Amino acid sequence: MPSNYRLTQWVQEMARLCQPDRIHWCDGTKEEYDRLMAQMVAEGRAIPLQKRPNSFLFRSHPSDVARMEDRTFISTPSKDDAGPTNNWVAPDELKAIMLRLYEGCMRGRTMYIIPFSMGPLESPMTKIGVQITDSPYVVCNMHIMTRVGTKVLRALEAGADFVPCLHSVGTPLAPGQEDVPWPCAPMEQKYISHFPEENLIWSYGSGYGGNALLGKKCFALRIASAMARREGWMAEHMLILRLISPEGHQYHIAAAFPSACGKTNLAMIRPTLPGWRAECLGDDIAWMKIGPDGRLYAINPESGFFGVAPGTSYRTNPAAMDTLWGNVIFTNCALTDDGDVWWDRMTPEPPPHLIDWEGQDWTPDRGTPAAHPNARFTAPTAQCPVISPDWEKPEGVPIDIFIFGGRRATMVPLVYEAYNWDHGVFLGATQSSEKTAATFGTVGVLRRDPFAMLPFCGYHMGDYFAHWLQMGDRLGDKAPRIFYVNWFRKDPEGRWLWPGYGENSRVLAWMCARVDGKVGAVETPIGLLPRPEDLDLRGLDMPPENLRELLRVDVDAWRAEIPDIERHLAQFGDRLPQRLREQLWQLQARLG
Ligand code: OXD
Ligand code: MN
């Protein structure tokens, strides 16, 4: 047990509450990982894969397959401070409910204490957390997703602050009671709770993904966004990418997209534009701080990818496929007869026989997805073949370009640039995407997901917009340029107008030329657009009418969208910054 008084007190208190049979302090070593995996294999919870070294398949309970936004709470003393987009219960009330649930919840189980850091320990931007959990599956995932171990413990002993993260699957075992393969609590007992004023996370009842790996969405986004506002930095739901021009210039891009818009694909893009190269620095979260030179520097606080498997293939994302050669935890993928994983669209044709994610025999005529649509891989970032050599640089990388975007079949052009920072913040604040089958809700319905942070902002979204405006004021002329993209335009027959994937490098190259002041742009009511000749389309076989359509601003359609934007912004009431209201008026005036 370490000699950090606050830590030992907290662990002892939680142990008295949860009443585990054993306590294990995690050291983050390979031996620890191997031992826990071997134990889970012996218990029948994990299936070792013959085809991928040191890789395992898990199947969750069918009721515990994704993040649960309606069971996620931002518990600030005043409801107003959580804002209209978060679920709220008063801290005292929520704690009373959860304390009753936690009481004795780890009976018959081991309580694991995981000291972890978000970010490389040497970085001034790094923050430490300690997760308590009763799930060995969570421990192994945390080994990959965060930096776990004695080095972190030493930092804690030296007095480092930490965010306490309490997690239980909520399934105590009576003496002699046999465990189930995926323990979790019923839906109404699941709580993913955040107490931003105390930097505290309490999660109960789910063992899956962001509900249970508390370093990711709970700490690195919800709690960190509230910390970042207080401390003057940014915690964003963004990939980080380095683009290198044929002349060797480096450009750093951070991009925010809602789920199912190809974030991981863009993070690992293979540019088709001759001479251009790309390196990945992160696929999900960026922590950014103004550096000594006044520019904005980003680190990726994670050390693993927790990626959606279905749709990932050598066609869509070869770098991701190559990352998955070994040392991977797969969850809710299908199992092949020769001991590998498979998911929908991994190969053009499915194998003739599989065991599906629910453990049932599966053949293509079944008509059901073989893997769950939210099946995941947990893989070490370092294994990505296009990972940047600078991905763990303690000071981070200087961001030149922010990109927002979404999935819109009509109206929204391929790319446009914001007129200025305030306009860019307006674009982020009104970001929209059509729902796909991978997200809950009706397919095709528009969802506004500001900065792709709707489920992840740990405080009032209106105040979050104000924080973005303030960061822009501090950055001044060193602020990144802001762009909006839509890779997903379709023609009236439903065919894609833009090929996407590696070809998106052509759009990124235009952004870099804008940053360098090397290329012009056309002023339109919605922003600055490239002329068709400004995009380098050499070698791309695309009908000219597609390009014209992709770069057309349909003024009538935009006018018709204004009421929805107004409704969306109105929900933030008097916490909506006046400067964003002015952006709306300016847009209306430009649309005429
Ligand atoms: C994720 C998400 O899992 O954004 O990264 O849902
Ligand atoms: Mn994400």
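**The second largest pocket**

Modeller: In this predicted model, α2 gives the largest share of the lining of the second largest pocket, 4 residues. A pocket here is an open set of points on a 1 Å grid over the protein atoms alone, where a 1.4 Å probe fits with protein on both sides within 12 Å along at least five of seven lines; lining residues have an atom within 4 Å of a point. The volume is about 370 Å³, taken as the space filled by probe spheres set on the points. Among the 24 lining residues, Gln39, Arg45, Arg109, Asp134 and Pro136 are the closest to the centre. At least two lining residues each come from β1 (22-25), α2 (30-42), β5 (110-118) and α5 (136-145), where helices are DSSP runs (H or I) of at least four residues and strands (E) of at least two. By class, the lining has 11 nonpolar, 6 polar and 7 charged residues; Asp, Glu, Lys and Arg count as charged, and Gly is among the polar.

As for metal, Lys217 (NZ), His237 (NE2) and Asp284 (OD) coordinate the manganese ion (ligand 2) at 2.1 to 2.2 Å. His237, in the loop between β11 (234-236) and β12 (239-244), and Asp284, in the loop between β14 (277-282) and β15 (286-290), are 47 residues apart and link distant parts of the chain.

Residues are numbered from 1 along each chain, with chains lettered from A and ligands numbered from 1 as written. Local features need pLDDT of at least 70, side-chain atom pairs 80 or more, while totals for chains, interfaces and linings use all residues, and side-chain values use heavy atoms, leaving out hydrogens and water.

Conventions. Donors = N, O, S within 2.8 Å, 3.2 Å for Na, K, Ca; no water.
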